[in-house]
Amino acid sequence: MAEGSDASVSYTVAISRAAGFADPVELAVSGLPGGATGSFEPNPAADASVLTVATTAATPAGSYTLTITGTSGALTHSTTVELVVAKPSSGGGGGGGGGG
């Protein structure tokens, strides 16, 4: 992702079932940098969900560890993913004017 611009990235969250467990899982994300938001679709989820992280111009460049937590009743499980927000490239704007 580029700092100083609106951007988004998606992570697929797979929910593994064990011992006949079939209840929906409520998902949450923590560790987001300033100016970033995270949302899950669907939430709660049965088998899988997509976490979309969106950044804005206010999101500082850097590497961030996000914690995804799933909760259902008394059961909780967490995992982590890395979010990297890159500085915008200071590319020279190409396109010279054509002479005639």
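## Surface, fold and largest pocket

The accessible surface of the chain comes to about 5900 Å², and carbon and sulfur atoms hold 55% of that area. The model is predicted, and every value in this report is computed from it.

The chain contains 100 residues, of which 23% are buried, meaning that their relative accessible area is under 20%. Its secondary structure consists of six strands and zero helices, which gives the pattern β-β-β-β-β-β along the sequence.

The remainder of the report concerns the largest pocket. Rolling a probe the size of a water molecule over the atoms shows where empty space is left. The largest pocket holds about 400 Å³ of space. Its lining comprises 21 residues, and those nearest the centre are Ile15, Ser16, Val25, Gly70 and His77. Three strands, β1 (7-14), β5 (62-72) and β6 (75-85), each give two or more residues to this lining.

Which element gives the most to the lining of the largest pocket? That element is β6, with six residues.

The residues of the lining divide by class as follows.

| Class of lining residue | Number in the largest pocket |
|---|---|
| Nonpolar | 11 residues |
| Polar | 10 residues |

Gly70, one of the residues nearest the centre of the pocket, belongs to a type that is counted as polar.

Terms used: Residues numbered from 1 in each chain as written. Predicted model: local features only at pLDDT ≥ 70, side-chain atom pairs only at ≥ 80, totals over all residues. Heavy atoms only, no water. 1 Å grid on protein atoms, 1.4 Å probe; cavity = no way out; pocket = protein on both sides within 12 Å on 5 of 7 lines; lining within 4 Å. Points joined across faces, edges and corners; volume = space filled by probe spheres on them. Helix = DSSP H or I, 4+ residues; strand = E, 2+ residues; numbered from the N terminus. Buried < 20%, exposed > 50% of the residue type's maximum accessible area, 1.4 Å probe, protein only. Areas by Shrake-Rupley, 256 points an atom, 1.4 Å probe, with all protein chains shown as cover.
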